[in-house]
There are 2 protein chains.
Amino acid sequence: MRGDGAERPFDLEEFLPYLLNQAAEATGKSFQNVYRADYGFTRTQWRVLANLGRFGAMTAAEICRISHTEKTKVSRAVAALEARGLLSRSPAATDRRAEDLALTPRGQEVFETLGRRAIAYDRALRDRLGPAAARDLDRVLRALIAPGPTLADE
Amino acid sequence: MRGDGAERPFDLEEFLPYLLNQAAEATGKSFQNVYRADYGFTRTQWRVLANLGRFGAMTAAEICRISHTEKTKVSRAVAALEARGLLSRSPAATDRRAEDLALTPRGQEVFETLGRRAIAYDRALRDRLGPAAARDLDRVLRALIAPGPTLADE
DNA sequence: TCATAGTGGTTGCTTTTGCAACCATGTCAA
DNA sequence: TTGACATGGTTGCAAAAGCAACCACTATGA
């Protein structure tokens, strides 16, 4: 056993949330240039586009649930995409509060272009890690995303 | 080989930067409550505190390098911590532009308390993954953070 | 059928970030 | 020395995120 009065000081560099955040920023940043510099999208806009492109029409609330994004962010992203003619709304059949969101043909095009570039970028990242490590990483990240353990008070 | 005209649509849920970001947010959020609700710190303020607590006095530029944080964020965080009496500045010996930053005794105390809670939280996260997966995760995350491959244009 | 509470979505206001410009000092070479 | 460029740090302004309040509608159940 290790000496228990040890009391090593806390080291940020070994703190999982910090490492995850650094990795997310590092990997996110270069792709951000694609959707930002080339299309003027916000990260949330890109996400909304990606979800609608992948899954077809759905409501804003569904996008929130799928992508764990706050509704106000989604609301504004939807408005922006609509203003640029990439997305259209139509009243939802069953619930008069909700609207079905769908990409316009132009939105679809953008999604496909951006999607191809994203796939290529993802492939490049995974190649750097090797297939086994990449698969493991997926698994672990999903495990971290899923439930959410509450914080143990000291 | 797999059929090459395949053209599967891009799926956000398998995009590494997205997964990393989700995991970072999920794990970061509950600890954020500790430093935010209990101390009113910003994430950057907590990082600055953590670095000074761990490594002792250093300049703002060094904090930037160590924690990959933009200088303006650090600058403001330092100002805020100073205003609260948790940090003090002194002119750097060798370079008259720079200032050595150090935690005050009160800052040290806060760091120690928060550090203990961070360690406990980190341990809880790692326990959920198992020791082997946690170690692998560290390794892979550091690999992702380190170099940064440029984006292949399509 | 009416009150109550929940859900989909938007808006306003504040905090935080990101970026560019800036000042002061330092470095290097002509 | 002097000019050009780099570096440490701050500030101002604009974009983005977070939060609470809100409107419209739906669901529940007394």
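The surface near DNA strand C, in this predicted model, comprises three nonpolar, six polar and 13 charged residues, where Ala, Val, Leu, Ile, Met, Phe, Trp, Tyr, Cys and Pro count as nonpolar, Asp, Glu, Lys and Arg as charged, and the others, Gly among them, as polar. Of the atoms of DNA strand C that come within 4 Å of the protein, 52% belong to sugar and phosphate. At least two residues of this surface are supplied by each of H3 and helix H4 (71–83) of chain A and helix H4 (71–83) of chain B, and H4(A) gives the most, with four residues; helices (H or I, at least four residues) are DSSP runs, numbered from the N terminus.

Base oxygens of DNA strand C are approached by side chains, with a polar atom of Arg76(A) at 2.7 Å and an N or O atom of Arg97(A) at 2.3 Å.

Between the protein chains, the contact (heavy atoms within 4.5 Å) takes 66 residues from chain A and 66 residues from chain B. The two chains bury about 6400 Å² between them, 64% of it on carbon and sulfur atoms, the buried area being the accessible area (1.4 Å probe) lost on putting the two parts together, summed over both. Two salt bridges are counted between chain A and chain B, each defined as a side-chain nitrogen of Lys or Arg within 4 Å of a carboxyl oxygen of Asp or Glu; one of them joins Asp11(B) and Arg54(A), at 3.4 Å from N to O. On the side of chain A that touches chain B, helices H1 (16–37), H2 (43–55), H3 (60–67), H5 (105–129) and H6 (131–145) each supply at least two residues, and the largest share, 16 residues, comes from H1(A). By class, the residues of this side divide into 34 nonpolar, 11 polar and 21 charged.

Residues are numbered from 1 along each chain as its sequence is written, and chains are lettered from A and ligands numbered from 1 in the order in which they are written. Local features need pLDDT of at least 70 and side-chain atom pairs count only at pLDDT 80 or more, whereas totals for chains, interfaces and linings use all residues, and side-chain values use heavy atoms, with hydrogens and water left out.

Notes: A residue is near a molecule or strand if one of its heavy atoms lies within 4 Å of it. A polar contact is a pair of N or O atoms within 3.5 Å; within protein, one must be able to donate a hydrogen and the other to accept it, and residues adjacent in sequence count only if both atoms are side-chain atoms.
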